[in-house]
Amino acid sequence: MALDNSENRYGGRHSNNRYDSNRSHNRGERSDRDDNFRNRRNNRGYNNRFGERRHEEHFESPQLDTPTCPHCKQPIHDLPSALADKATGEPMHFDCVLEVLNKQEKLETNEKITYIGQGRFAVAYFENPHDLRHFTIRRIIEWEERDKQFEWRTNIAGLYSQVK
């Protein structure tokens, strides 16, 4: 005996529930649901259904000085990533510091100089040079003195950390 599915709960001929087969998206017509989706997608700058704008404040990046690197004699455009020169304490490109360290340090096979933070570098040994997750620190190189405050860095910190 065959089942008659004409009046099942999924939308037969006489069904008036939400599974109704006469929904407009099945016929290629637009529905209110489609319009709501388009409105949400097109109004991403709004945060509620009443069309009120989000309160977004746009802050301009502070203008920093562009000092000259004592190593390469080029201007330092990215001052927050600079390190202090060991001799003078003036800002120096991060890449220039790395270049100086690579010239000073004798590296064995599978060793690499990496920055570990707070003005320190490490000579790291990688058992597998293709797997940079597993390494052993062979020695630590103190580039900047830990307790020394540099005036140029204090100025940067003051510009970026002010709470308004």
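E99 is partly exposed, with a relative accessible area of 37% (partly exposed lies between buried, under 20%, and exposed, over 50%, with a 1.4 Å probe and protein chains only). The model is predicted: local features need pLDDT of at least 70, side-chain atom pairs count only at pLDDT 80 or more, and totals for chains, interfaces and linings use all residues. Residues are numbered from 1 along each chain as its sequence is written, and side-chain values use heavy atoms, with hydrogens and water left out.

E99 forms a salt bridge with K103, the closest N and O atoms being 3.5 Å apart. A salt bridge here is a side-chain nitrogen of Lys or Arg within 4 Å of a carboxyl oxygen of Asp or Glu. Both residues lie in helix α2, four residues apart, about one turn of the helix. K103 is exposed, at 62% relative accessibility.

The protein chain has three helices and five strands. These are DSSP runs, numbered from the N terminus: helices are H or I with at least four residues, strands are E with at least two. Along the sequence the pattern is α-β-β-α-β-β-β-α. Of the 164 residues in the protein chain, 23% are buried. The accessible surface comes to about 13,700 Å², and carbon and sulfur atoms hold 46% of that surface. Accessible areas come from the Shrake-Rupley method with a 1.4 Å probe; for residues, only the protein chains shown count as cover. Among contacts with a separation of 6 or more, 31% join residues 24 or more positions apart. Contact means heavy atoms within 4.5 Å.

The structure holds six salt bridges. One of them joins R139 and E105, with the closest N and O atoms 3.1 Å apart. R139 lies in strand β5 and E105 in the loop between α2 and β3 (111-117), so the pair ties together parts that are 34 residues apart in sequence. R139 is partly exposed, at 32% relative accessibility. A further bridge joins E111 and R138 (3.0 Å, N to O). This pair also links distant parts of the chain: E111 is in strand β3, R138 in strand β5, 27 residues apart. E111 is buried at 10% relative accessibility, whereas R138 is partly exposed at 42%. E108, E111 and R138 form a network of salt bridges.

The largest nonpolar core has 19 residues, and L79, M92, V97, L101, F121, W143 and W152 touch the most other members. Such a core is a set of buried Ala, Val, Leu, Ile, Met, Phe, Trp, Tyr and Cys residues joined through side-chain atoms within 4.5 Å. Two or more residues each come from β1 (83-84), α2 (94-104), β4 (120-125) and α3. Helix α2 gives the largest share, four residues. Beyond four places in sequence, V97 is in contact with L83, M92, F121 and W143.

E144 sits in the loop between β5 (136-142) and α3 (151-160). This residue is buried, with a relative accessible area of 7%. A polar atom of the E144 side chain lies 2.6 Å from the backbone nitrogen of A84. Not counting residues up to four places away in sequence, E144 touches L83, A84, G119, F150 and R153.

I137 lies in strand β5. It is partly exposed, with a relative accessible area of 41%. I116, F135, I137 and I140 make a nonpolar surface patch of about 340 Å². Patches are made of residues with over 30% relative accessible area and no salt bridge; like charges are joined within 9 Å, and nonpolar side chains (Val, Leu, Ile, Met, Phe, Trp, Tyr) within 5 Å.

Key
Polar contact = N/O pair within 3.5 Å; in protein donor to acceptor, adjacent residues only side chain to side chain.
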